[in-house]
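Me: I'd like to learn how to read domains and a ligand site in a model like this one. Can you walk me through it?

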Amino acid sequence: MTKDPVCGMKIDEKQTKYKTRYKGKNYYFCSQRCKNDFDEKPEKYLAAVENKSRRERKVVIVGTGKVGSTFAFNLMISGLANSIVLIDRNKKTAEGHKMDLNHGLSFVSPSKIKAGDYEDCQDADMVVITAGVAQKPGETRIDLVRKNAEIFKDLIPRIAQYNPRILLIVSNPVDILTYVTLQLSDYPMNRVFGSGTMLDTARFQYLLGEHCQVDPRDIKAYIIGEHGDSEVPVWSMVTIGGIPLNQFCSLCQKECTKEDKKDIFEQVKNAAYEIINKKGATFYAISLALVNIAGSILRDENSVSTVSTLLDGYYGESDVCLSIPVIINNNGISEVVKVELDRKEEEEFKHSAGVLKQIISEIEI
Ligand code: NAD
């Protein structure tokens, strides 16, 4: 095994057909794109490999509004990255956040925080995209699609030309914009994904925890599908302290009805609308979800998360991005986890894929 010097992905020299020889040494790649990039500027990528071996962990945040800046703050506290770059169309905002964050460096692990530009995406471990127009009260995520797809048509080529390793999409509608990014960047599917239903899954676990009076960290539960109205709660796979929900319920004194379950899921599904109505935007929980994903990547954790990824035959669905559980490490998505859905969940999942495919068919990429 060796590593692709462009994207950092692990490569089996005997399996890949993409290779090149430079200064007497063989280099192997995951895709034609990486090989082309290397052939064009080999010294750039060899310098980047050397730079990585000095253990730089760089995260670039594009869009330093409420979500981007809250993520930057939490990322700085986490100590996961030692280089954080802030990019925004409004340079003054990025500059202001840079100053404010830097003034806290006496209290956290050392890191370099700068307001930068797209060329800073070079050598980045991940670029987190939170740029765009936010959902307005009463507006569905789907209403946002055209506005944000236009912004992405401008942004993605500017970022992708520097070939950062992983692109993490957060802007809404996240599933559609993840798909748009894959088309615009020409990246392999493991290196582009969206935060998807990470947040909805966390909301589901929190609400189940409140209902069952159990720490949400001891609850395993997934929301899959669209990050939005057609999302699907996978009730058949909920476990509490490792015990399947049905068994847990029979031990518990509470009489839970179908209505209780329905109520929990309705709260999950409508949480964003409710928070936006109350305070204009959601940003704390999503920023912690992003720190969690950054940890999976920067610490090469192989952790399981529900993120938005391009489907390739999952329950018969392809050519659409939506959330399913996957394993995330240093190279992005390393495996898709095929979960056993019951019949109703499978139908709902397929419905969700259909909803997103319909929207994709209505936009020009
Ligand atoms: P915001 O308006 O506070 O910030 C958006 C930022 O993007 C602004 O600073 C703006 O200047 C910048 N921007 C716009 N166009 C740009 C461009 N072309 N280049 C660079 N920067 C640009 O919005 P927010 O509340 O931070 O939300 C950001 C996005 O995240 C929205 O699309 C929102 O719907 C989404 N969001 C997603 C989730 C999720 O779970 N996926 C959760 C919360 C918010």
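Me: How far apart are the C-alpha centres of domain 1 and domain 3?

Reply: This is a predicted model, and in it those two centres lie 36 Å apart. As for where the domains run, the assignment puts domain 1 at 2-50, domain 2 at 58-194 and domain 3 at 198-361.

Me: And where does the ligand lie relative to domain 2 and domain 3?

Reply: Look at which domains give residues to the shell around the ligand. Domain 2 (58-194) and domain 3 (198-361) both do, so the ligand lies between them.

Me: Which residues come nearest to the ligand?

Reply: There are 31 residues around the ligand, and G63, G65, V67, A131 and N172 come nearest. By class, the shell has 15 polar, twelve nonpolar and four charged residues.

Me: Which helices each supply at least two residues of that shell?

Reply: Helix 3 (66-78) and helix 5 (145-160) do. Helix 5 gives the most, with four residues.

Me: How far is N246 from S236, in sequence and in space?

Reply: Keep the two kinds of distance separate here. Along the chain, N246 and S236 are ten residues apart, and C-alpha to C-alpha they are 8.7 Å apart in space.

Technical notes:
Residues numbered from 1 in each chain as written. Predicted model: local features only at pLDDT ≥ 70, side-chain atom pairs only at ≥ 80, totals over all residues. Domains from an automatic or database assignment. Near = placed C-beta within 6 Å. Nonpolar A, V, L, I, M, F, W, Y, C, P; charged D, E, K, R; others polar.
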